[in-house]
Amino acid sequence: MAEEEAKALSYIPETILKKRKTNEEVALRRKAQLELRKHASKKDQKEYIKKPEEFVKEFHYREVDLVRMRHRLKKKRPELVTPKSKLLFIIRIQGTNDMHPAVRKTLYNLRLRKVFSAVFVKVNASVIEKLQRVEPYVTYGYPNLKNVKELIHKKGFGNVAKQRVPLTDNNVIEQALGQHGILCIEDLVHEIANVGPHFKEVAHFLYPFMLNKPQGGLKGIKKVYKDGGESGNREDHINELIDKMN
């Protein structure tokens, strides 16, 4: 009796077996098609050769970018020379191949290697000059305490031995910054929000934040914020953008 029950339970209708076989065959075909597409894509990339006029056009755009950067550096920026706050939050909003290498290098110095990456910085003459160099590619302003706290809690990662480590354990923070009296995530928030004496160490311990693309995207990116665009100094209005991207 027990053997008959076992046989009944182990019996699988033929229709189900056929369906399984069909699904397996479809899955194998899809996998093969994906592999072929990947191979073809890589082959196309290797075989693609830029036309001379493309090189000329790209060079022209980069030179124009360099000229514009030099013009920006000559302008006086009273809103940054006498800032409302020592703390700035900078978001990279533009990524393009036609930027001049000098501009790209400045973005990298600010640790903004990807679009929608963001960092906290302390305002000083060096930062002001860097912002003037890369203004069409970034937006920035004065973050409030609420957003500093939420950014660190929701999107904060620490740099431990060049590894991106989530801030889920205060031991990670204590081991990295304990010598500065910073032992937990609330100490991180306090040091950043108040631009404390160990701001530099804390800011570099924090990996650049990777923010979400704002709903609806960004329009008129290279046009400055005060003229209705997206780039440049938003002052306190940066908090509205942070809310959309955090």
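At what angle do the axes of helix α7 and helix α9 cross, and within what distance do they come?

Modeller: Keep in mind that this is a predicted model. Two packed helices are described by the angle between their axes and the distance between the axes, so let's start there. Helix α7 covers residues 145-155 and helix α9 covers residues 185-193; their axes come within 10 Å and cross at roughly 140°. As for handedness, α7 passes α9 in a right-handed crossing. On the α7 side, the contact is made by L145, V148, K149, I152 and H153. From α9 come I185, E186, L188, V189, I192 and A193. Sorted by type, the residues of this α7 and α9 contact are 8 nonpolar, 1 polar and 2 charged.

Now the backbone. Most residues other than glycine have a negative phi. V195 is not a glycine, yet its phi is positive, at about 45°. You'll find V195 in the loop between α9 and α10 (199-205). With a relative accessible area of 14%, V195 is buried, because the cut-off for that is under 20%.

K162 is another non-glycine residue with a positive phi, near 65°. Its place is the loop between β4 (157-160) and β5 (163-166). K162 has 73% relative accessibility, so it counts as exposed.

Technical notes:
Residues numbered from 1 in each chain as written. Predicted model: local features only at pLDDT ≥ 70, side-chain atom pairs only at ≥ 80, totals over all residues. Heavy atoms only, no water. Axes fitted to C-alpha atoms, helices over the stretch in contact; angles between N-to-C directions. Helix = DSSP H or I, 4+ residues; strand = E, 2+ residues; numbered from the N terminus. Left-handed = near helix turned anticlockwise from the far one by under 90°. Contact = heavy atoms within 4.5 Å. Nonpolar A, V, L, I, M, F, W, Y, C, P; charged D, E, K, R; others polar. Buried < 20%, exposed > 50% of the residue type's maximum accessible area, 1.4 Å probe, protein only.
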